[in-house]
Amino acid sequence: MNRPRGLRSALLATIALSCLMAGCAGSGSKNSILLYNGQHPQLTNALISAFEKQTGIDVRVRTNDGIVLADQLLQEGKNSSADVYLTENSPELVTLDEHGLLAKVDASTLNQVPSRYNAPTGNWVGVARRISALAYNPKLISASELPTSILELAQPKWKGRIGLAPTDSDFAPLVGAVIATYGEKAATDWLAGLKRNGQLYQSDEAVVAAVNRGDVASGIINNYYWFRLRLEVGASAMHSAVYYFPGRDVGSIENVSGAAALTASTHSSNAQRFLEFLVSKTAQEIISHGDDYEYPLRPGVEPNSALPALSSIAPATLSPVKLGNDQPAARLIQESGLA
């Protein structure tokens, strides 16, 4: 099977170098599943521990960047030993769905979260969400200078004042949102401006740390990285703030994390039970009460109290279909010279 252009390339190679992969091969026992995990390990480990305790099903894990694992699944095809795929961003799930690698999710599982967060095909289920944002250092940039649109960051006045991690897997969906909203020409021009203006980092974690140190005035991140840094260093060591773009600008796009069972799974019943668990009240409260700072999707489960209410942010929202896969975004990132 040919890999899509957006998943081979220098972008994928660069991402792969920054990721840790730990896993085990083989099909395992009947009472087990193999999870390809593209989510943060700390969160996934907490979810797995609760699932194993509740069901007695053993979960073996391969952890890597979601794009890298999606590419691996495309290569493995029907010969994959994976049972479940969990990732941070919907475009990887869209890609796998387009290639016929995902199995139908039980309707009872899909019904646990609002339908707009699930695949229209019913082949994957939404698990959590977070919001793209701008971290900024008030000593280097005043609140009155903050942009009302992410496209403004391509303007000359932002030269040397914006940090970004173009090879981080969270950047491609943001580019995809710009493409879906403004078109490829506008996205190309915007990326060219970021190339002129930006200071480049390996990851969103590095971006938010640099902003907090005062190395750069602002940086494009997903909001949870700022909250995780605050937890790590303490509130007194935070010299930065989070800014959400107003007017439902795609600079603050809602990103959906989701999961799917593989058609190649030899433990399909257990795989469906894991998907069912991920959207259960127990799992969604783990997401809510943990240190990953993502918003749960199950109605009635409140987010971590440290997070702002979504109603106060009013993020931009795009359906998984409109956001699509990462192929056009990856191509434009490469062509811009950012990766």
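Arg129 and Glu254 are both buried, where buried means under 20% relative accessible area, exposed over 50% and partly exposed in between, with a 1.4 Å probe and protein chains only. The model is predicted, so local features need pLDDT of at least 70 and side-chain atom pairs count only at pLDDT 80 or more, while totals for chains, interfaces and linings use all residues. Residues are numbered from 1 along each chain as its sequence is written, and side-chain values use heavy atoms, with hydrogens and water left out.

**Salt bridges**

- The count comes to eight salt bridges, each being a side-chain nitrogen of Lys or Arg within 4 Å of a carboxyl oxygen of Asp or Glu.
- Arg129 forms one of them with Glu254, with the closest N and O atoms 3.3 Å apart, and this pair links distant parts of the chain, since Arg129 is in strand β4 and Glu254 in strand β9 (residues 254-261), 125 residues apart.
- Helices (H or I, at least four residues) and strands (E, at least two) are DSSP runs, numbered from the N terminus.
- The side chains of Glu76 and Arg62 meet in a salt bridge at 3.9 Å, N to O; Glu76 lies in helix α3 (residues 66-76) and Arg62 in strand β2 (residues 58-63), so the pair ties together parts that are 14 residues apart in sequence.
- In helix α7, Asp189 forms a salt bridge with Lys185, the closest N and O atoms being 2.6 Å apart, and the two are separated by about one helical turn because they are four residues apart.
- Asp189 is partly exposed at 39% relative accessibility, whereas Lys185 is exposed, with a relative accessible area of 59%.

**Helices α6 and α7**

- α6 and helix α7 (residues 184-197) pack at an angle of about 135°, with their axes 7 Å apart; axes are lines fitted to C-alpha atoms, for helices over the stretch in contact, and angles run from 0 to 180 degrees between N-to-C directions.
- The two helices are therefore oblique to each other, given that angles under 35 degrees count as roughly parallel, over 145 as roughly antiparallel, 65 to 115 as roughly perpendicular and the rest as oblique.
- The contact, which means heavy atoms within 4.5 Å, includes Phe171 and Leu174 of α6 and Trp190 and Leu191 of α7.

**Asp170**

- Asp170 is placed in the loop between β5 (162-164) and α6 (171-182), and Asp170 is buried, with a relative accessible area of 4%.
- Not counting residues up to four places away in sequence, Asp170 touches Glu88, Asn89, Arg130, Asp204, Asn222, Tyr224 and Tyr225.
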